[in-house]
Amino acid sequence: MPANFGDQEQKPNDPSAAEHRQDSEKTVGRNPHPDFKKVQASRPYWRQEKSWHFTKTVDPDWKLGRGANDGGESLTKAHIEIDPYEHGRPAVFNYKLLISAIIPRPIGFVSTRSEDGKSTNLAPFSYTQVINHDPPLFIIGFAGGFSNAKDTLANLAATKECTINIISEHFLEAANATSINAPYGISEWALSGLTPAPCTDVTCSRVKEAVFSVEAKLFSTQEFESRATPGKKTGVLAIVEGTRFWVREDAINDDKNIIDPAILRPMSRLGGIMYGRTVEGCELPRPDYEEKQKDGETDGLIQEKVEGQ
């Protein structure tokens, strides 16, 4: 059995990171419900029968120059201006604003292993995105600096490797469980009940339940400093390079280049404690300028770019 297959308990010392996460969660206050179980009980059951399907766009007959498809309603709404560094505005307000505005966000379910191999970590990160395909590059954003690094960041910085797993509907609850504020040294793999699977290029495990996983090596990191509190390190951006992909065989096409969203059924992150499902989509080809010009759609619309646009 490969050395990276299975899980070991995390180190039982240095609890500072776990304690910081507990304090941080109380400060942020992501959960708006004093009694979430009561709220959950009042909601309809999960619609398991809701299958992936395509719909038309809002206006299938839309033409160039028509603008928004809401009949101008959005133009009647006023906007407010927010200075992220306004005097007295807590930094956590910007966090709550941004995670409720930049949605849906893909969730990178990241697995790492400590340099000595005795400690593992599994955690979800919604500051995750693919940014290039040749080489395959991904970004992962971490709150806090290197001096107070989360377990995932500490492991990634030390070993220069990780796996990124995409969270699907069938293990949403288990994935969410890994964000628990358990004391340092408690295994997220055991608490979630998820299954570690062997990798080829990295020593840490991938999640066997995941439809899609990426083995990755650290490319670079960038630490950020607070604008409001100079000297305070508030975040780290890690760029990792994918070295190997793992796809469930029933989800991939024959050319091994397209994954079926009906099988992947990915979950995304919204604001607060909300998750989003992806169960329908619409398609729109990229417009071709010459074709639109030939059809007369550009008539009266050909203008040079001007100031104020």
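Colleague: Which residue in β7 is the bridge partner of V110?
Modeller: The bridge partner of V110 in β7 is I164. This is a predicted model, in which local features need pLDDT of at least 70 and side-chain atom pairs count only at pLDDT 80 or more, while totals for chains, interfaces and linings use all residues. Residues are numbered from 1 along each chain as its sequence is written, and side-chain values use heavy atoms, with hydrogens and water left out.

Colleague: How do you know that β3 and β7 pair?
Modeller: Two strands pair if DSSP finds at least two bridges between them. Four bridges join β3 to β7, so the pair qualifies; the two strands run antiparallel. β3 is also joined to β4, in the antiparallel sense, by six bridges, with V110 opposite A123 in β4.

Colleague: What lies between β3 and β4 in their hairpin?
Modeller: Six residues lie between β3 and β4. G117, in the turn, has a positive phi of about 80 degrees.

Colleague: What makes β3 mostly covered?
Modeller: Buried means under 20% relative accessible area, exposed over 50%, and partly exposed in between, with a 1.4 Å probe and protein chains only. In β3 (residues 108-113), six of its six residues are buried. G108, V110 and T112 point one way and F109, S111 and R113 the other way. In a regular strand the side chains alternate between the two faces of the sheet. For the protein chain, 32% of the 309 residues count as buried.

Colleague: How many helices and strands does the protein chain hold?
Modeller: There are eight helices and 14 strands. Helices (H or I, at least four residues) and strands (E, at least two) are DSSP runs, numbered from the N terminus.

Colleague: In what order do the strands of the seven-stranded sheet stand?
Modeller: The order is β4-β3-β7-β10-β11-β6-β5, in an open sheet with antiparallel pairing. β4 and β5 (128-133) are at the edges, since each has a single partner strand, so one side of each is left without a neighbour in the sheet. Neighbouring strands are turned by 30 degrees against each other on average, direction ignored. Axes here are lines fitted to C-alpha atoms, for helices over the stretch in contact, and angles run from 0 to 180 degrees between N-to-C directions.

Colleague: Which strands of this sheet does α4 touch?
Modeller: α4 packs on the sheet and touches β3, β4, β6, β7, β10 and β11. Its direction makes about 55 degrees with that of β3.

Colleague: Which residues have the most contacts inside the largest nonpolar core?
Modeller: They are I140, F142, L156, C162, I164 and V240, in a core of 21 residues. The elements giving two or more residues to this core are β4, β6, α4, β7, β10 and β11, and β10 gives the most, with four. Apart from this core lies another, of 13 residues, among them L172, W189, L194 and V207. A nonpolar core is a set of buried Ala, Val, Leu, Ile, Met, Phe, Trp, Tyr and Cys residues joined through side-chain atoms within 4.5 Å.

Colleague: What is L156 in contact with, leaving aside its neighbours within four places in sequence?
Modeller: L156 is in contact with T112, F142, E161, C162, L218, A238 and V240. Contact means heavy atoms within 4.5 Å.

Colleague: How many aromatic pairs does the structure hold?
Modeller: It holds four. One of them is W52 with F54, edge-to-face at 5.6 Å centre to centre and 80 degrees between the planes.

Colleague: Why is the pair of F125 and F142 called edge-to-face?
Modeller: The ring centres are 4.9 Å apart and the planes stand at 65 degrees, so the pair is edge-to-face. F125 lies in β4 and F142 in β6, so the pair ties together parts that are 17 residues apart in sequence. Rings of Phe, Tyr and Trp (its six-membered ring) pair if their centres lie within 6.5 Å; planes under 30 degrees apart count as stacked, over 60 as edge-to-face and the rest as tilted.

Colleague: Are F125, F142 and W52 buried or partly exposed?
Modeller: F125 has 6% relative accessibility and therefore counts as buried. F142, at 3%, is buried. W52, at 21%, counts as partly exposed.

Colleague: What makes R206 a charge over the ring of W246?
Modeller: R206 lies over the face of W246 at 3.6 Å from the ring centre. The criterion is that NZ of Lys or CZ of Arg is within 6 Å of the ring centre and within 35 degrees of the ring normal. R269 likewise has its charged end over the ring of Y275, 4.5 Å from its centre.
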